[in-house]
Amino acid sequence: MTITQHWKVPNPAKGDGAGFVDAEAGANSWGIIVWNDQVNLAQYVTAAFSDHFGVNLAQARAMTKMISRRGYAVVADGTRERMEAEAQALHEYGVRATVEQLV
């Protein structure tokens with residue numbers, strides 16, 4: 001799978017907001033892919049995103065809608081170690097997430 005665009009989680013320390021951005025390929029560019037499943041309701045996934053990533057409900061809903069439309073969405077990117085930790089945190093919510101290198 002080739003990832004061309006993903007959801008950017010806001011970083012208040014850098015003063016940037018959330019939104020969709022082009023994926024940046026590179027050796028240290030890994031992404032968390034959240035997959036659509038038949039278990040979790042969209043409302044639950046939205047609340048999990050809002051709670052975990054600290055985004056407002058409108059931003060969390062946009063992430064969830066992308067997953068519903070495409071079947072998946074890259075919700076964050078960064079180093080492999082950080083993304084594995086973030087994916088594990090999403091697993092604790094019961095959200096189906098994997099870590100893959102962005103190309």
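Reader: At what angle do helix α1 and helix α3 pack, and how many Å apart are their axes?
Author: In this predicted model, helix α1 covers residues 42-53 and helix α3 covers residues 80-92. The two helices pack against each other with an angle of about 135 degrees, and their axes are 11 Å apart.

Reader: Which residues make the contact of α1 with α3, and how do they divide into nonpolar, polar and charged?
Author: From α1 the contact takes Phe49, His52 and Phe53, while α3 brings Glu86, Ala89 and Leu90 to it. Sorted by class, these residues come to 4 nonpolar, 1 polar and 1 charged.

Reader: How do the axes of α1 and α2 cross, and is the crossing left-handed or right-handed?
Author: The axes of α1 and α2 come within 8 Å of each other and cross at roughly 130 degrees. With that angle, α1 and α2 are therefore oblique to each other. As for its hand, the crossing of α1 and α2 is right-handed.

Reader: Which residues form the contact of α1 with α2, and how many of them are nonpolar?
Author: On the α1 side the contact is made by Ala42, Val45, Thr46, Phe49, Ser50 and Phe53, and on the α2 side by Leu57, Ala60, Arg61, Met63, Thr64 and Ile67. The classes of this contact include 3 polar residues and 1 charged residue, and the number of nonpolar residues is 8.

Reader: Which residues have the most contacts inside the largest nonpolar core, and which elements supply at least two residues of it?
Author: The largest nonpolar core has 20 residues, and those with the most contacts inside it are Ile32, Val34, Phe49, Phe53, Val75 and Leu90. Phe49 and Phe53 of α1 and Leu90 of α3 also take part in the contact between those two helices. The elements that each supply at least two residues of the core are β3 (30-35), α1, α2 (57-70), β4 (72-78) and α3.

Reader: How many helices and strands does the protein chain have, and in what order do the elements run?
Author: The secondary structure of the protein chain comes to 3 helices and 5 strands. Read from the N terminus on, the order of these elements is β-β-β-α-α-β-α-β.

Methods:
Residues numbered from 1 in each chain as written. Predicted model: local features only at pLDDT ≥ 70, side-chain atom pairs only at ≥ 80, totals over all residues. Heavy atoms only, no water. Axes fitted to C-alpha atoms, helices over the stretch in contact; angles between N-to-C directions. Helix = DSSP H or I, 4+ residues; strand = E, 2+ residues; numbered from the N terminus. Contact = heavy atoms within 4.5 Å. Nonpolar A, V, L, I, M, F, W, Y, C, P; charged D, E, K, R; others polar. Core = buried A, V, L, I, M, F, W, Y, C linked by side-chain atoms within 4.5 Å. Buried < 20%, exposed > 50% of the residue type's maximum accessible area, 1.4 Å probe, protein only. Parallel < 35°, antiparallel > 145°, perpendicular 65-115°, else oblique. Left-handed = near helix turned anticlockwise from the far one by under 90°.
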